[in-house]
Every structure is written in structure tokens, then in C-alpha cells.
Amino acid sequence: MAICDIVVPIFGGLTHLRNLLPALEATLAREHRVFFVDDCTPPEKGAKAIHELLGQALARRPNWKVVQAEKNSGFSASNNLGSQKGDSEFICLLNSDTVPQAGWLESMLLVMDTYPQIGAVGAKLLFPLWSNDPARPAGRIQHAGVAFNAMRMPYHIFM
């Protein structure tokens with residue numbers, strides 16, 4: 001099975017990162033590399049704490065790296081920058097506010113291994129089990145994709 005490069009854009013979000021890192025460490029069984037792309041997190045958004053947390057995780061995982069953007073260019077540019085750092089057959093673009101569950105990467109890559117004509121797969125996104133928000137019911141599916149409205153603005157369909 002091929003190596004997978006995982007790209008995680010970071011801009012602030014220390015709480016999200018505190019949830020993501022242990023989930024990644026606990027769930028990644030397949031050979032992989034992770035590129036955390038810091039999109040110039042400013043001090044007021046926790047840059048120091050984020051770099052300390054990432055430093056601790058990287059000390060345990062030599063196949064994890066931090067990529068520092070030269071300027072804040074946004075989410076898409078961070079994904080592009082991180083994607084350029086690897087050379088694997090597969091790239092996973094992972095949001096920093098996710099908490100992956102056991103087998104997540106293997107399940108998605110199994111589809112790619114089994115059906116080489118498929119070019120992209122996505123995960124089933126669930127609202128977190130600890131959600132108390134009635135608009136985001138715990139354990140329920142978030143949405144069924146993205147569409148564009150008449151004003152060409154993206155929105156989640158079937159949310």
C-alpha cells in the first residue's frame with residue numbers, strides 16, 4: 001500500500017489542534033506523513049502555544065512536519081503549500097477542526113486502492129458526540145455536500 005501525505009492547514013485553533021493531535025496519533029495505522037501548514041498564525045491567535053503543542057507531537061512522530069507559510073494566504077493556499085511538500089501517491093486534505101475515528105484513513109484509501117478510476121473520496125462528517133447544540137445534534141451527519149446558490153455562494157446541502 002502506498003504512503004499517504006496528510007495536509008493540515010493551521011491558523012489559530014489551539015483547542016481544535018488539542019483534539020486533533022491525539023486522535024491522529026491514535027488512529028493512524030497506515031504509513032503516512034503529516035504536514036501541518038501554519039498560515040502565519042498571529043500571537044493573539046495562540047501562535048506560541050500552537051508551535052509548542054506541535055513541537056511536542058513532532059518529537060514523537062518523525063514523519064510529521066510543520067510547514068511555515070511566508071504570509072497568510074488562506075486555506076486553499078495552505079493546502080497547496082502542504083501538498084507540494086510531499087510526493088506520495090495519495091494526499092489527504094484534513095481540516096484542523098476534525099477528530100478522526102479509528103480506521104478513517106484506511107477506509108478512504110481502501111476505496112482508492114480498490115477502484116483506481118476514482119480520483120477523490122471524502123469522509124462522512126458527523127457532529128461531535130459532545131455537542132449540546134440542537135442545530136448540531138451529537139453524532140448526526142453534518143451535511144451531504146456543498147452546492148452553490150443563485151448568488152454563487154457555497155452552502156452545505158441537506159444540513
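A nonpolar core is a set of buried Ala, Val, Leu, Ile, Met, Phe, Trp, Tyr and Cys residues joined through side-chain atoms within 4.5 Å. Buried here means under 20% relative accessible area, while exposed means over 50% and partly exposed covers what lies in between (1.4 Å probe, protein chains only). The structure examined is a predicted model, in which local features need pLDDT of at least 70 and side-chain atom pairs count only at pLDDT 80 or more, whereas totals for chains, interfaces and linings use all residues. Residues are numbered from 1 along each chain as its sequence is written, and side-chain values use heavy atoms, with hydrogens and water left out.

The largest nonpolar core holds 25 residues, and Ile6, Leu17, Phe36 and Trp104 touch the most other members. Several elements contribute to this core: strands E1 (4-10), E2 (32-38) and E4 (90-93), together with helices H1, H2 and H4 (104-114), each supply at least two residues. Helices (H or I, at least four residues) and strands (E, at least two) are DSSP runs, numbered from the N terminus. Phe36 shows how such a residue is surrounded. Apart from neighbours within four places in sequence, Phe36 is in contact (heavy atoms within 4.5 Å) with Val8, Ile10, Leu17, Leu21, Leu24, Leu54, Leu58, Trp64, Lys65, Val66 and Val67.

Two of the contributing helices also meet each other. The axes of H1 (residues 14-27) and H2 (residues 47-60) come within 10 Å and cross at roughly 5°. Axes are lines fitted to C-alpha atoms, for helices over the stretch in contact, and angles run from 0 to 180 degrees between N-to-C directions. On the H1 side the contact is made by Leu14, Leu17, Arg18, Leu21 and Glu25, and on the H2 side by Ala49, Ile50, Leu53, Leu54, Ala57 and Arg60. Sorted by class, this contact has eight nonpolar, no polar and three charged residues. In this sorting, Ala, Val, Leu, Ile, Met, Phe, Trp, Tyr, Cys and Pro count as nonpolar, Asp, Glu, Lys and Arg as charged, and the others, Gly among them, as polar.

Leu94, in the loop between E4 and H4, is buried, with a relative accessible area of 8%. Leaving aside neighbours within four places in sequence, Leu94 is in contact with Ile6, Val7, Val8, Pro9, Leu20, Leu24, Pro100 and Trp104.

Most residues other than glycine have a negative phi. Cys40, in the loop between E2 and H2, has a positive phi near 60° and is partly exposed at a relative accessible area of 24%. Arg152, in the loop between strands E5 (146-148) and E6 (154-156), has a positive phi near 65° and is exposed at 73%.
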